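Trainee: I am new to this protein and would like to get to know it. Could you walk me through it, one question at a time?

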Amino acid sequence: MVFSKINSLSFFLSLVLLFSLSTAKTPPRPRAFLLPVTKDAATKQFVTFINQRTPLVQVKLTVDLGQRFLWVDCEKGYVSSSYKPVPCDSVPCNRSLSGACVESCVGSPSPGCNNNTCAHSPYNPFIRTSTSGELAQDVISLQSTDGSNPGKFLSTNGVVFDCAPSFLLEKLAKNVKGILGLGNGYVGFPTQLANAFRVPRKFAICLTSSATSRGVIFFGDSPYVFLPGMDVSKRLVYTPILKNPVSTAGSYFQGEPSTDYFIGVTSIKINGNVVPINTTLLTITKDGNGGTKISTVDPYTKLETSIYNALTKAFVKSLAKVPRVKPVAPFNVCYNRSSLGSTRVGPGVPPIELVLGSKNATSWNIWGVNSMVAVNNDVLCLGFVDGGVEPTTSIVIGAHQIEDNLLQFDIANKRLGFTSSLLFGQTTCANFNFTSKA
């Protein structure tokens, strides 16, 4: 009887030990994932790599902040044992807001050509062209992070993307095979990762100004730690992300809302002085026109013509004592570099202040490093361009204006966090440590 009790106790202790060991070996759920992002010198596009398919293949992609989904070329060399076309009327198809179905594909079944398949319209913003593509699902592998260093790669299947024909790659950066759409929608890459890996539905981008260094995109929660040990998430100031009820994509199905990220710019100041503009242009209309969005595919900020004229006039007035030089296209306001001087945050020019909201307004300050563009060794130009008389969107904040700024798109809480220039904190977007911990 005593022997039996001892065995029972021993068995119980063994179970406790086994449970403890198995619990100890269970890795903690990752807080976030990351992708390195670089600036292509020839095209000024921002590019990254993801691992996709079975077996995994590294795919080079151009980053498009507002595009609705990931799309890749399936016409040449797409081989994967885990590829699955998305059926018509399925949940992923309906949530993608597709309005088309391929009932019969001409040719043998292959990636991009299957019967009874959900169809969507991948878009190339650099040639302003879209086409019909098959919506599909496949495996994606991403590197986790604790916010300070990269960690292990983890995989998930069933990530929705669109299959595009090869001609849609025209004018994309060298060796790019598609576009990584980070748009605000169910099939947007950030939302899919959040659902697949159960991380917060938010992401942050930090783009470098140099073609020889790497920036970073985080998916999931902060911190965002940059050398020399600064958590730049503590510098974030927040403003609401606004929803445009009408798509601003190059092509879309009727009833689709925009997947671009809009913010509520209410006025513009230069050197603290309000620039006189027609503020009704800053409001998004019921038809989807007007407002302010952020873009990674437009290299420079585009302004509706009257806003552009008012801004450049005010900027020139603020530097009235500094002689201008001959303009260099696509810019109209240029100066000799030596006549402007320099500061910690770039050329010594007045800050351009985007005032956000009316009550408890915050401001996004654009300093010289982001407002001026070096067109050669001697000349700096104001890096804003004329967006035309009746553009769909009145202000499109371009990539140059967000370089070395960290922007957090908190989709779940409908807010944008921004830091303004990280140079004030004596760091840059190139200072994330991509070396794994020992």
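Mentor: By class, the lining of the largest pocket holds eleven nonpolar, 15 polar and ten charged residues. Here Ala, Val, Leu, Ile, Met, Phe, Trp, Tyr, Cys and Pro count as nonpolar, Asp, Glu, Lys and Arg as charged, and the others, Gly among them, as polar. Before you ask more, note that this is a predicted model, in which local features need pLDDT of at least 70, side-chain atom pairs count only at pLDDT 80 or more, and totals for chains, interfaces and linings use all residues. Residues are numbered from 1 along each chain as its sequence is written, and side-chain values use heavy atoms, with hydrogens and water left out.

Trainee: Which residues lie nearest the centre of the largest pocket?

Mentor: A pocket is an open set of points on a 1 Å grid over the protein atoms alone, where a 1.4 Å probe fits, with protein on both sides within 12 Å along at least five of seven lines; lining residues have an atom within 4 Å of a point. The space in the largest pocket is about 840 Å³, a volume being the space filled by probe spheres set on the points, which are joined across faces, edges and corners. Of its 36 lining residues, those nearest the centre are Tyr123, Pro125, Val297, Asp298 and Lys302.

Trainee: Which residues does Asp298 touch, leaving out those up to four places away in sequence?

Mentor: Asp298 sits in the loop between β21 (292-294) and β22 (301-303), strands being DSSP runs of E with at least two residues and helices runs of H or I with at least four, numbered from the N terminus. Contact means heavy atoms within 4.5 Å. By that rule, Asp298 touches Val396, Gly398 and Ala399.

Trainee: What is the N to O distance in the salt bridge of Asp298 and Lys302?

Mentor: A salt bridge is a side-chain nitrogen of Lys or Arg within 4 Å of a carboxyl oxygen of Asp or Glu. Asp298 is buried at 17% relative accessibility, while Lys302 is partly exposed at 28%; buried means under 20% relative accessible area, exposed over 50%, partly exposed in between (1.4 Å probe, protein chains only). Their side chains meet at 3.3 Å.

Trainee: How many residues apart are Lys39 and Glu403, which also pair up?

Mentor: The side chains of Lys39 and Glu403 form a salt bridge at 2.8 Å, N to O. Lys39 belongs to strand β1 (residues 32-39), and Glu403 to the loop between α6 (399-402) and β33 (405-410). The pair links distant parts of the chain, 364 residues apart.

Trainee: Is Glu403 buried or exposed?

Mentor: Compare the relative accessibility with the cut-off given above. Glu403 has a value of 4%. Glu403 therefore counts as buried.

Trainee: Why is helix α3 described as largely enclosed?

Mentor: Helix α3 covers residues 189-197. Its buried residues pack against β1, β10 (133-145), β11 (150-164), β12 (178-181), β13 and β14.

Trainee: Which domain does UniProt place at residues 46-419?

Mentor: Over residues 46-419 the chain is 10% helix and 39% strand. UniProt positions are given in the numbering used here, feature names are shortened, and annotations may be inferred rather than shown by experiment. The unreviewed UniProt entry names this domain Peptidase A1.
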